[in-house]
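Please keep the sequence and the structure in view while reading.

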Amino acid sequence: MTHQINSDILIVFMSDFDYLDLDGHALALLLAVYEEGSVTRAAQRLGITQSAVSHGLVKLRAIVGDALFVKSGRGIAATARADRLAARAAQLLGDLRGFSHLAGFDPAQLVHSFTVAANDLQRDALAGAVLRRLRAQAPGVSLRLIDSGAPTAALLREQRADLLITPRPPEGEDIFQQRLFADHYRVFFDAAERQAPRSRADYLAAEHVSVLYEPRRSLFVDEWLLERGARRSFVALVPSMAALAGLLRGSPWLATAPSLLARGALRDLAHAAPPLALPPMPMYLVWHRRHQIDPVHQWLRGHVLAVARTLSQPDEATGGS
């Protein structure tokens, strides 16, 4: 029997479908299309052809009796049922990975993409070195890096990320965290336009630029200073640390940011110690309880921690001006 859903999709209902024929590959395909929002990108992520993804979707649509994905503008949008099924598919894939790893695992045989939520500071400082370490042992492993913004526990609970790296970890009884390292703040500026602020009064009188993550979360240092009555004038707020560089070049403005940026996005700018006391900035590795004893996840966390140990002395690497 057939049923016309719309002019673009024809679904064949398979009432005699054996659920045992639904395998991990089908679940991974569903999740890839859902997360990528594109058949083309899903095919690239899975290492298969677009035709294979399309045929897989036809099978899944027949199984569940739902369109799953429909045209929306130039792309595709998930149906309400696809929303629910994708969340369940992620959970089932996690269970399958755990089942396969109960007796231990051989990294050399591991083929998997880990999703890590972080902002640009953490990505610049950690991601490249972590990926090199992982692939030295497991050539079949890859990383998918997503913005964490102002992170919430939902990133981990809804399995949108395997790991979260953030200075402000979300709380929850099901959320685990481990401190990676602690950085300190520097004042960044264009030395061709101005000198470093020489006093607290000079610093507070200057015009500043800073970061505001969505949904409207300021940097911890900005909130900390404001709570202590240190009011500053901001001429611009940007969505990422990397965006500070373009504003500072050729301007008399200041940015107060983690010193590790002197190794990455702000490496071509001058920086100096703040002329007032500021708190340290700790960085945390965060994961969900479901991964606590998973040997593969423990292996992943171990490599992140190993790289983080190389950042424990940022002063020596960032220097000053």
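**A buried loop residue and the overall picture**

Leu68 counts as buried, because its relative accessibility of 2% falls under the 20% cut-off. The model in which this residue is seen is a predicted one. The protein contains 11 helices and 15 strands, and 45% of its 321 residues count as buried.

**Whole protein**

- The accessible surface of the protein is about 16500 Å², and carbon and sulfur atoms contribute 52% of that surface.
- Among contacts in the protein with a separation of 6 or more, 73% are between residues 24 or more positions apart.

- Most residues other than glycine have a negative phi.
- Leu68 is not a glycine, yet its phi is positive, at about 70°.
- The loop between α3 (50-64) and β3 (69-72) is the place of Leu68.
- Gln159 is not a glycine either, and its phi is positive at about 60°.
- Gln159 is found in the loop between α6 (154-157) and β7 (163-166).
- With a relative accessible area of 17%, Gln159 is buried, because this value is under 20%.

- Glu35 belongs to helix α1, which covers residues 24-36.
- Is Glu35 buried, partly exposed or exposed? Its relative accessible area is 24%, so Glu35 is partly exposed.
- Apart from neighbours within four places in sequence, Glu35 is in contact with Arg45, Arg144 and Gln159.
- Glu35 and Ala86 are 51 residues apart along the chain, and their C-alpha atoms are separated by 8.6 Å.

- Strand β5 (residues 111-118) and strand β6 (residues 140-147) run parallel and are joined by 8 bridges.
- Within this pairing, Ser113 has Ser142 in β6 as its bridge partner.
- Together with helix α5 (residues 120-137), strands β5 and β6 make a right-handed β-α-β unit.
- Gly128 is located in helix α5, and its relative accessibility of 34% makes it partly exposed.
- The C-alpha atoms of Gly128 and Leu143 are separated by 9.8 Å, with the two residues 15 residues apart along the chain.

**An open sheet of 3 strands**

- The strand order in this open sheet is β11-β10-β12, and the pairing is mixed.
- Why is one side of β11 (217-218) and of β12 (233-238) left without a neighbour in the sheet? Both strands stand at the edges, and each has a single partner strand, so one side of each has no neighbour there.
- Strand β10 (residues 207-213) pairs with β11 in the antiparallel sense over 2 bridges.
- The bridge partner of Tyr213 in β11 is Arg217.

**The enclosed strand β9**

- In strand β9 (residues 185-189), 5 of the 5 residues are buried, so the strand is largely enclosed by the rest of the structure.
- Tyr185, Val187 and Phe189 point one way from β9, whereas Arg186 and Phe188 point the other way, and all are buried.
- β9 pairs with strand β13 (residues 255-258) in the antiparallel sense, over 4 bridges.
- In that pairing, the bridge partner of Val187 is Thr256 in β13.
- β9 also runs antiparallel to strand β14 (residues 270-272), to which 3 bridges join it.
- Phe188 has His271 as its bridge partner in β14.

**The aromatic pair**

- How many aromatic pairs does the structure hold? The structure holds 1 aromatic pair.
- This pair consists of Phe176 and Trp287, which are stacked, with 6.3 Å centre to centre and 15° between the planes.
- The pair links distant parts of the chain, since Phe176 is in strand β8 (residues 175-183) and Trp287 in strand β15 (residues 281-288), 111 residues apart.
- Arg301 lies over the face of Trp287, at 4.2 Å from the ring centre.

Key
Residues are numbered from 1 along each chain as its sequence is written. This is a predicted model: local features need pLDDT of at least 70, side-chain atom pairs count only at pLDDT 80 or more; totals for chains, interfaces and linings use all residues. Side-chain values use heavy atoms; hydrogens and water are left out. Rings of Phe, Tyr and Trp (its six-membered ring) pair if their centres lie within 6.5 Å; planes under 30 degrees apart count as stacked, over 60 as edge-to-face and the rest as tilted. A charge sits over a ring if NZ of Lys or CZ of Arg is within 6 Å of the ring centre and within 35 degrees of the ring normal. Buried means under 20% relative accessible area, exposed over 50%, partly exposed in between (1.4 Å probe, protein chains only). Contact means heavy atoms within 4.5 Å. Accessible areas come from the Shrake-Rupley method with a 1.4 Å probe; for residues, only the protein chains shown count as cover. Two strands pair if DSSP finds at least two bridges between them. A crossover is right-handed if, with the strands pointing away from the viewer, the path from the first strand over the helix to the second runs clockwise.
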